[in-house]
Amino acid sequence: MGTWGAGSFDNDTAMDWTADITSIDSIFLPIKQFHEEKNTHSDDADYSPNATLSEQIIAAVSTLVSLNFWANPQIPEDFFNRIAEFEPPTEEDCQRAYGAIAHVREHSELANLWAEDQQAYKEWRDTTRYLLVRINPAEDVDTENDAYAVPVEEDFARPCVFCAKPVDNSDLYSIDLKKGLAEPSLVSMAFCHQDCFETALHPTFRSN
């Protein structure tokens, strides 16, 4: 992936895809293809979309994020100006888009290619997380609140309190649960992925 960028449109496949976008329905074509192909597999983990389809899915989700009134610095200005008058996606549309990009980030040829370089992979995970959080659910939210997860440096893996999967050290966050206001006492401490944390939050408290 050396000459490609981690952004949604930092590759030839995504930029070629924009030329064919004439309506909201055309944006959904790669997402529709993803769900049709995935439905032919009995186990989700067995389905690994190819790199081309995955790049189109990411570009499509990035476009939907912009149409859903989220600021999205990844989308090319000329492309956004061309599609700005399209109808925003419905909540059901966003849920299907969320399912597609969540799968691509974990089980796809593209994810495997990015994983060959850990630093590049982290950048790709960060940029796609931006889209993942904002496409689920479809709500028009304007907030300056940040997610209050605190990075923790550890030498061993911890299970995520939301998904129960091991948390890589580079993506390890802790959550302190305290009781009371005047003299709060620590009840427990949990570990999680930042992705899982922000997705689980009510949209009002998600970071911009």
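## Ground rules

Helices here are DSSP runs of H or I with at least four residues, numbered from the N terminus. Keep in mind that this is a predicted model.

## The largest pocket

Let's start with the largest pocket, whose volume is about 840 Å³. Its lining takes in 30 residues, and those nearest the centre are Arg105, Glu106, Arg125, His193 and Asp195.

Which helix gives the most to the lining of the largest pocket? That's H8, with eight residues. Helix H8 spans 118-134, and at least two lining residues also come from each of helix H6 (91-106), strand E3 (166-167) and helix H9 (194-200). Sorted by class, the lining of the largest pocket comes out at 11 charged, 10 nonpolar and nine polar residues.

## Thr18 in helix H1

Next up is Thr18, which sits in helix H1, a stretch covering residues 12-18. Is Thr18 buried or exposed? Its relative accessible area is 7%, so Thr18 counts as buried, given that the cut-off for buried is under 20%. Leaving aside residues up to four places away in sequence, Thr18 touches Phe9, Phe79 and Arg82.

## Cysteines and disulfides

A disulfide is a covalent bond between the sulfur atoms of two cysteines. To be counted here, a pair of cysteine sulfur atoms has to be within 2.5 Å, and by that rule the model has zero disulfides.

As for individual cysteines, Cys94 counts as buried because its relative accessibility is 0%. Cys192 is buried too, with a relative accessible area of 0%.

Methods: Residues are numbered from 1 along each chain as its sequence is written. This is a predicted model: local features need pLDDT of at least 70, side-chain atom pairs count only at pLDDT 80 or more; totals for chains, interfaces and linings use all residues. Side-chain values use heavy atoms; hydrogens and water are left out. Buried means under 20% relative accessible area, exposed over 50%, partly exposed in between (1.4 Å probe, protein chains only). Contact means heavy atoms within 4.5 Å. On a 1 Å grid over the protein atoms alone, a cavity is a set of points where a 1.4 Å probe fits but cannot get out, and a pocket is an open set with protein on both sides within 12 Å along at least five of seven lines; lining residues have an atom within 4 Å of a point. Grid points are joined across faces, edges and corners, and a volume is the space filled by probe spheres set on the points. Ala, Val, Leu, Ile, Met, Phe, Trp, Tyr, Cys and Pro count as nonpolar, Asp, Glu, Lys and Arg as charged, and the others, Gly among them, as polar.
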